[in-house]
Amino acid sequence: MSNYSSYQIMMRKIADIQYASAVLNWDQESYMPPKGATFRAQQLSTLAGIGHELATSKELGELLNKLSEDTSLSEKEKRNISQSLKSFNDNKKYSTEFVQLLSKTISETFQAWQKAKADNNFALYAPHLEKLVKLKREECKLLGDFVHPYDALLNQYEPGSKTADLEVLFTDVREQLVAFVKKIAEKPQNEDAFMYLYYDKQQQWDFGLDLLKQMGYDFESGRQDESSHPFTTNFSPEDVRVTTRINVNDINEMIWSCIHEGGHALYEQGLPSEEYGLPSSEYVSLGIHESQSRLWENNVGRSLLYWKANYPKLKNAFPENLKSVSVEDFYKAMNIVKPSLIRTSADELTYHFHVLIRFEIEKALIEGLLEVNELPAYWNQKYKEYLGIEVPNDASGVLQDIHWSHGSFGYFPTYSLGSFYAAQFFVQAKIEINGLEAEIEKGNMKPLLDWLREKVHRHGKYYSAEELCIAISGEKLNFKYFMDYATKKYSKLYDL
Ligand code: CO
């Protein structure tokens with residue numbers, strides 16, 4: 001057997017373990033009864049241990065080193081090897097003691113966060129988070145070789161990204177988007193009370209399934225369930241599951257979670273299954289993943305054309321609620337821009353201020369310029385500064401997100417990157433796909449999905465995020481595309 005075949009076999013085994021864990025995680029979030037939690041945690045931890053052993057084994061290391069000098073490999077094989085070798089070397093930087101300590105600290109911090117959020121008591125969380133931040137600072141040191149310590153964490157989610165580049169990007173957000181949102185705020189607000197009438201749960205569910213089908217989500221390779229926080233998970237490109245959340249008093253939650261998670265799922269369903277377990281069947285980065293969900297959610301789903309295709313169906317399902325609401329009224333309501341407290345329900349413009357705030361805070365935490373006990377005051381001050389709102393309590397302030405309690409520092413910026421990539425890619429899609437907007441208006445999403453398959457999905461991780469962006473649009477990520485999209489759309493909506 002060739003070395004490359006042995007490598008493939010080892011990688012598939014590691015993937016089997018990881019995806020088996022993913023099934024257990026999915027079940028935990030959707031169907032597991034409450035008493036299942038204790039043994040489930042143990043099962044997950046056992047599998048994580050086996051996965052780590054396989055991923056750092058001497059055998060795999062030797063094989064990767066041999067293969068990295070093999071000039072007979074194809075370009076794609078060479079890329080797989082260099083990416084696998086990089087992950088292998090990164091994994092080796094963690095001692096078992098460090099991994100265990102981190103995992104234990106995360107469990108404790110997560111539990112403390114849940115309680116602190118429920119009780120609106122930051123003090124319950126602070127000592128645990130302090131420990132975790134310390135470990136994260138250590139982690140940056142042991143990963144080493146980065147210009148900025150925060151780069152090490154960013155790279156776990158967005159390989160190749162740099163703090164310095166994000167600073168430039170967020171300076172644009174600060175200077176251009178903040179000013180634009182201020183102009184919107186001076187205008188009269190649009191009406192959206194009809195979004196919050198009673199919407200029957202089963203009818204919502206059926207409508208959401210229709211939207212997914214229309215996007216091209218393959219129900220033979222996936223299914224939708226309910227969960228308190230919508231997410232997408234996959235066990236292979238042939239089993240990609242989404243969850244949604246339905247609020248009978250707010251039609252928005254179902255619509256945006258179905259389209260958003262649907263966009264993530266189409267990416268996973270489009271990855272090459274014959275490359276299972278190898279980097280060439282993995283997503284590029286979280287920013288690129290988010291570009292797929294945001295492109296469908298914002299550029300497609302929040303457009304008037306999309307609702308020209310879909311509003312008649314919605315109106316048919318809820319004739320009482322929507323009888324005097326035109327498609328234009330509905331379009332205006334779904335695009336209301338208004339500073340708010342909670343990131344996950346923010347509109348597509350002010351959303352980026354929530355990310356900007358978290359980016360500034362976590363960077364300062366990692367640099368050691370900010371300490372955990374200063375967090376609530378600093379958070380509230382930033383919300384006043386960027387969003388102009390007073391934070392009434394920590395539960396709806398600094399305690400709102402799960403990420404830090406999970407040890408995920410460097411994750412938030414990928415949300416903004418996703419929207420900005422999406423705007424840039426969508427401009428290119430409109431240039432390259434004949435009559436794209438007319439097709440969307442007819443409810444035909446196939447040309448767009450085919451284009452995304454061709455440009456993004458089928459490549460797996462072959463390109464870096466930057467290379468992919470250049471291959472698609474001819475240039476690196478440029479905030480101008482998002483700002484142009486926002487200016488054009490919202491100037492019309494708010495008569496600026
Ligand atoms: Co997402």
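Analyst: The cobalt ion is coordinated by His260 through NE2, His264 through NE2 and Glu290 through OE, at 2.1 to 2.2 Å. Donors here are N, O and S atoms within 2.8 Å of the metal (3.2 Å for Na, K and Ca), and water is not among the atoms, so sites may look incomplete. This is a predicted model, in which local features need pLDDT of at least 70 and side-chain atom pairs count only at pLDDT 80 or more, while totals for chains, interfaces and linings use all residues. Residues are numbered from 1 along each chain as its sequence is written, and side-chain values use heavy atoms, with hydrogens and water left out.

Along the sequence, the donor residues of the cobalt ion follow the spacing H-x3-H-x25-E. Distant parts of the chain are linked by the pair of His260, in helix 10 (residues 251-269), and Glu290, in helix 11 (residues 286-300), which are 30 residues apart. Helices (H or I, at least four residues) and strands (E, at least two) are DSSP runs, numbered from the N terminus. Both His260 and Glu290 are buried, where buried means under 20% relative accessible area, exposed means over 50%, and partly exposed lies in between (1.4 Å probe, protein chains only).

Turning to helix packing, two packed helices are described by the angle between their axes and the distance between the axes. Axes are lines fitted to C-alpha atoms, for helices over the stretch in contact, and angles run from 0 to 180 degrees between N-to-C directions. The axes of helix 12 (residues 304-317) and helix 14 (residues 327-334) come within 10 Å and cross at roughly 115°. That angle makes helix 12 roughly perpendicular to helix 14; angles under 35 degrees count as roughly parallel, over 145 as roughly antiparallel, 65 to 115 as roughly perpendicular and the rest as oblique. The crossing of helix 12 past helix 14 is right-handed, a crossing being left-handed if the near helix is turned anticlockwise from the far one by less than a right angle, and right-handed if clockwise. On the side of helix 12 the contact is made by Leu304, Trp307, Lys308, Tyr311 and Leu314, and on the side of helix 14 by Val327, Glu328, Phe330, Tyr331 and Met334, with contact meaning heavy atoms within 4.5 Å. Sorted by class, this contact of helix 12 with helix 14 has 8 nonpolar, no polar and 2 charged residues; Ala, Val, Leu, Ile, Met, Phe, Trp, Tyr, Cys and Pro count as nonpolar, Asp, Glu, Lys and Arg as charged, and the others, Gly among them, as polar.

A second pair is formed by helix 1 (residues 3-30) and helix 3 (residues 58-67), which pack at an angle of about 140° with their axes 10 Å apart. Helix 1 and helix 3 are therefore oblique to each other, and helix 1 passes helix 3 in a left-handed crossing. Here Asn3, Tyr4, Ser6, Tyr7, Met10, Met11 and Ile14 of helix 1 meet Glu59, Leu60, Leu63, Leu64, Lys66 and Leu67 of helix 3, and by class the contact of helix 1 with helix 3 has 9 nonpolar, 2 polar and 2 charged residues.

Among individual residues, Lys363 lies in helix 15 (residues 351-367) and counts as buried at 12% relative accessibility. Leaving aside neighbours within four places in sequence, Lys363 is in contact with His148, Tyr150, Thr163 and Glu167. His403, in the loop between helix 16 (375-387) and helix 17 (413-432), is likewise buried, with a relative accessible area of 8%. Not counting residues up to four places away in sequence, His403 touches Arg343, Ser408, Tyr411, Phe412 and Tyr415. His403 and Phe110 are 293 residues apart in sequence and 9.2 Å apart in space, C-alpha to C-alpha.

Gly160 sits in the loop between helix 7 (149-157) and helix 8 (163-185) and is partly exposed, with a relative accessible area of 48%. Between Gly160 and Ala465 there are 7.9 Å in space, C-alpha to C-alpha, although they are 305 residues apart in sequence.

Finally, Asn120 has a positive phi of about 50° although it is not a glycine; Asn120 is placed in the loop between helix 5 (96-119) and helix 6 (122-143) and counts as partly exposed at 36% relative accessibility.
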